[in-house]
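Subject: Structure for your files

Dear colleague,

Here is the structure, with the sequence alongside. My notes on helix packing and on a sheet follow below it.

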Amino acid sequence: TTANIGTALALMGKKVVIADADIGLRNLDIVLGLENRIVYDSVDFVEGRCKLRQALIRDKRAGELYLLPAAQTRDKTAINPQQMVAMINELRDEFHYILIDSPAGIEQGFQVAVAPADRVLVVTNPEVSSVRDSDRIIGLLDAKTERAEKGERVEKHLLLTRYDAQRAGRGEMLSVDDVLEILSIPLLGIVPESEEVLRASNVGAPIILHNAMSAAARAYSEAAKRLCGEKLPVNIPTDKRGLLVRLFGRRAA
């Protein structure tokens, strides 16, 4: 999601940094196909071995898109929240958007990733456990960010991924309405379940570059436009195959 939203924003003419905050288990470089170009990372900058510009890797496929990689041989304690805030603040004047990819969980890595956030995109899928975790995260966001500590509001958006209309219709996963009722934050977009997303990641390209006409790529592109303030309706993916079955069934009857 971070790779695709960042790429979509860059293709819209924005200057974007994608910062991988998953220290020790970085993977954004793999998803973007930039793993062989890493020389310095965010920990190198924090510990004074390079300038921040030296750690940025430009993705030449998508305009002004840059990756700030995480260290692979360190752990989550290598950067503290104050250092993350200072690092991101150094980038603010030069870039339109800085997307920080948070590691899973609610421990040190999460707290470091969200510390400098002005806005938070909560990514969940329509499974009970995922939505419950997201509900917990939303509560923590009002306490763990620098803005929250100053008494300021942290804007939140919801991106629902891996949505399968057939499974939702059979009651095997939560509906969009169910998720919105539980989480109660604005919906930025719905990304349908797609094997294309996995294939794209495996070849080192976001789906928005690998197959721009796919439903998932269009969903990410529209979400990025809404993030920039465009008023676009959010369409819920439908069970097209089920509709065809019903139509053929009626004709046969």
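In which hand does H1 pass H13? The crossing is right-handed. Please keep in mind that this is a predicted model.

Helix packing

H1 covers residues 2-11 and H13 covers residues 215-227. On the H1 side, the contact is formed by Asn 4, Ile 5, Ala 8 and Leu 9. These meet Tyr 220, Ser 221, Ala 223, Ala 224 and Leu 227 of H13. Of the residues in this contact, 7 are nonpolar and 2 are polar, with no charged residue among them.

The sheet

There is also an open sheet of 3 strands, in the order S5-S6-S7, and the pairing is parallel. Strand S5 (119-124) and strand S7 (187-192) are the edge strands, each pairing on one side only. On average, and ignoring direction, neighbouring strands of the sheet are turned by 20° against each other.

S6 spans residues 155-163 and runs parallel to S5, to which it is joined by 6 bridges. As one example, Leu 121 has His 157 in S6 as its bridge partner. Helix H7 (residues 128-144) packs on this sheet, where it touches S5 and S6. The direction of H7 makes about 165° with that of S5.

Regards

Note on methods. Residues numbered from 1 in each chain as written. Predicted model: local features only at pLDDT ≥ 70, side-chain atom pairs only at ≥ 80, totals over all residues. Heavy atoms only, no water. Axes fitted to C-alpha atoms, helices over the stretch in contact; angles between N-to-C directions. Helix = DSSP H or I, 4+ residues; strand = E, 2+ residues; numbered from the N terminus. Left-handed = near helix turned anticlockwise from the far one by under 90°. Contact = heavy atoms within 4.5 Å. Nonpolar A, V, L, I, M, F, W, Y, C, P; charged D, E, K, R; others polar. Pairing = 2+ DSSP bridges.
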